[in-house]
Amino acid sequence: MNCATVKEWMPHYIDGQLPPEAQQTIRLHALSCPDCAQWLEEARGLAALWNEMDAGLDGLGQEAMQPVDFPDLTADVMAQIDRMENGRRERVIKATMSRRRTAPGTSWMHYGVAVGLTFLLLQFGVFEHLAYGITEINGQMSTSVSAWFGPQGK
């Protein structure tokens, strides 16, 4: 087992939530690796502190002081995030508007050109055999589907 895996599973090892063979593997690795052994001792110390805090005791096992009531900063932080986001949006809109080089009615002109080209291509007969091709493809597909599924009344 490598050091990264041992450090990842160490909280479960400390809580005793691992199977016996995994616990033994971590224990043997910690005995052979000074870095992981130090990590294990620090993690055990932190777990002990956490358990004492949950029990309402200080580091010496005596009754701890009452928790300090910290101010709720959530509203102020969210308001600041909203101001920053609105400022970003305004900058993006200004940058987008400054890059626009076409007149507002240009898109209608593009549609007109496309319609004109379509009519021109129709006049030259470019799409003359299109309906026949679609009909033939449709026939081939229905034949292959019938071949796949065949008659069901056998």
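**Helix packing around α1**

The axes of helix α1, residues 3-15, and helix α3, residues 34-55, come within 10 Å and cross at roughly 30°. Before I continue, please note that this is a predicted model. Angles under 35 degrees count as roughly parallel, and α1 and α3 are therefore roughly parallel to each other. The crossing in which α1 passes α3 is right-handed.

Which residues make this contact? From α1 there are Cys 3, Val 6, Lys 7, Met 10, Tyr 13 and Ile 14. From α3 there are Asp 35, Cys 36, Trp 39, Leu 40, Ala 43, Arg 44 and Ala 47. Of the residues in the contact of α1 with α3, 10 are nonpolar and three are charged, with no polar ones.

I turn now to α1 and α2. Helix α2 spans residues 20-32. The axes of α1 and α2 also come within 10 Å, here crossing at roughly 120°, and the two helices are therefore oblique to each other. The handedness of the crossing of α1 and α2 is left-handed. On the α1 side, the residues are Cys 3, Val 6, Trp 9 and Tyr 13, and they meet Gln 23, Ile 26, Arg 27 and His 29 in α2. The contact of α1 with α2 comprises five nonpolar residues, two polar and one charged.

Finally, I would draw attention to Ala 22, which lies in α2. Is Ala 22 buried or exposed? Its relative accessible area is 19%; buried means under 20%, so Ala 22 is buried. Ala 22 and Val 6 are 16 residues apart in sequence, and their C-alpha atoms are 9.7 Å apart in space.

Terms used: Residues are numbered from 1 along each chain as its sequence is written. This is a predicted model: local features need pLDDT of at least 70, side-chain atom pairs count only at pLDDT 80 or more; totals for chains, interfaces and linings use all residues. Side-chain values use heavy atoms; hydrogens and water are left out. Axes are lines fitted to C-alpha atoms, for helices over the stretch in contact, and angles run from 0 to 180 degrees between N-to-C directions. Helices (H or I, at least four residues) and strands (E, at least two) are DSSP runs, numbered from the N terminus. Angles under 35 degrees count as roughly parallel, over 145 as roughly antiparallel, 65 to 115 as roughly perpendicular and the rest as oblique. A crossing is left-handed if the near helix is turned anticlockwise from the far one by less than a right angle, and right-handed if clockwise. Contact means heavy atoms within 4.5 Å. Ala, Val, Leu, Ile, Met, Phe, Trp, Tyr, Cys and Pro count as nonpolar, Asp, Glu, Lys and Arg as charged, and the others, Gly among them, as polar. Buried means under 20% relative accessible area, exposed over 50%, partly exposed in between (1.4 Å probe, protein chains only).
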